[in-house]
Amino acid sequence: MEDVKLMKGNEAVAEAAIRAGVDAYFGYPITPQSEVIEYLMAEEPHKRTGMVVLQAESELAAINMVYGAAACGKKVMTSSSSPGISLKQEGISYIAGSELPCLIVDVVRGGPGLGTIQPSQADYFQMVKGGGHGDYRLIVLAPSTVQEMADFVELGFELAFKYRNPALILSDGVIGQMMEKVVLPPQKERLGDEEIDKRYGSWATTGKKNGRERNIITSLELKPERQEAHNLHLQAKYKEISEKEVRLEKINCENPDYLFVAYGSSARICQKAIQLAEEKGIKAGLLRPITLWPFPSKEINKLAEQVKGILVVEMSAGQMVEDVKLAVNGKVKVEHFGRFGGMVHSPDEVLEALETKIIGG
Amino acid sequence: MTEEIIIAGFGGQGVLSMGKILAYSGIMENKEVSWMPSYGPEMRGGTANVAVIISDERISSPILQNFDTAIILNQQSMDKFESGVKPGGLLLYDPNGIIRHPSRKDINIYTVEGAAEAAKQKSSKTFNMIILGAYLKIKPVVKMDNVLKGLKKSLPERHHHLIPMNEKAIKIGMDKVKEVNKL
């Protein structure tokens, strides 16, 4: 029998980070993601892999430590929940502008402001559309199981380094706090200085050697012509990512009459709603975006031709629904349903919304 | 087989750890499990609950409104969850501190004097295992040896000497469970 553990989503992220050979974690506690730093502190990964775990004095400090370490080519990450992520936005924009790889985890809680500590998906706009200033994109992964919380750590870093772009795991209080079976990846070695220099020496500040140009990490360029050129380069990169890195899961989509589009914990709730619908003779399917950016617009557009209506279910007042509407482009009716402000919709409520807003609406 | 359970009571009664032991026992039987706690300002004396699902299939929603089984350990939880038991489902409760007893006729109702039995054992910590025993007697969703394996997995090694005491408490619960309404 493989090594199956029962873990919270937050703990799975932490253990997966140690096993991914992450060099450093900088964070600051906040409910509902405090188990990430709690687990790392208790596990003492400096004894296992040499990984640094540091509770910074604030979220601002934490994200700027990530910025610094990422500039050196290190595999580095941070995590927080909504208000803490807001504090980190300036740093995230700098990291994106400087084209540095790192992993950020947002275990979303209800807002706005300090809001509540209960689960929410109302950070979609912030993560997918920007959050910080300037034209930048984050690669946004949305896990819907504890297993994916663990798996997306390595995937996030892989994409982050491939494109020299920050990646973000957009989770929520449900996935962060719940326990499920998880199979953990094998331990990876951390890269030594020489290995980092070999792989990332072309850009990372690993110490200037004779005969090579110095590497400068900055997001500042006062000449607008050059800043425009930098932006064009970023946009070309984002275009490549949107063509190559879309990930999604389709459930019950062979021949559905109606379609749910939902991510994260809402996708799980929709799966139950599909079962309940089946008992009533309603054929519904689910498209679950795994990458929220890049967004699976093409697949949603394709499915829109086969169904009579689409219900977008998210724990917000309606954010992802805008992207679904853009993707569907008027082909079929698209409505939003979701409890928010820390309330979690039940499968019955989702089914009722499908019946009233789409089928009967 | 899918068993959807809510365990609800006061913080400090061992509600969350009972759910965890149940979930681990499910893993020992190669089943799919999920454990979703109420989290946040709950603390000793406040209410706490956890939804546990044990299934042969991939688990969809960890968030539920209706349950096959409700294990109720205080009045607030009775008020909140009695109506959520599916028709034909099971409600197991400890009558200690309950002033409004369940009134539904379309569900199976059992009681176990968990608090009183734990007091007899002179260990309030065995309370949740007595309740677990009562539940497993009514619905043997997991085998006893897998529960013991689950206990071993969920308890840190320094507490493994307490396993026999817990095993005894489970057996007491199995013994003391009483039928109130059987369909």
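These questions and answers concern ring pairs and salt bridges in a predicted model. Residues are numbered from 1 along each chain as its sequence is written, with chains lettered from A in the order in which they are written. Local features need pLDDT of at least 70 and side-chain atom pairs count only at pLDDT 80 or more, and side-chain values use heavy atoms, with hydrogens and water left out.

Me: Why is the pair of Phe161(A) and Tyr200(A) called tilted?
Reply: Rings of Phe, Tyr and Trp (its six-membered ring) pair if their centres lie within 6.5 Å; planes under 30 degrees apart count as stacked, over 60 as edge-to-face and the rest as tilted. Here the centres are 4.8 Å apart and the planes stand at 35°, so the pair is tilted.

Me: What makes Tyr200(A) buried?
Reply: Buried means under 20% relative accessible area, exposed over 50%, partly exposed in between (1.4 Å probe, protein chains only). Tyr200(A) has 13%, so this residue is buried.

Me: Why is the pair of Tyr200(A) and Trp203(A) called tilted?
Reply: The ring centres are 5.7 Å apart and the planes are at 45°, so this pair is tilted. Ring pairs link Phe161(A), Tyr200(A) and Trp203(A) into a cluster.

Me: What makes the contact of Arg268(A) with Glu180(A) a salt bridge?
Reply: The term requires a side-chain nitrogen of Lys or Arg within 4 Å of a carboxyl oxygen of Asp or Glu. The N to O distance for Arg268(A) and Glu180(A) is 2.7 Å.

Me: How do you know that Arg268(A) is buried?
Reply: Its relative accessibility is 2%, so Arg268(A) counts as buried.

Me: Why does Arg48(A) count as partly exposed?
Reply: Because its relative accessibility is 37%, Arg48(A) falls in that class.
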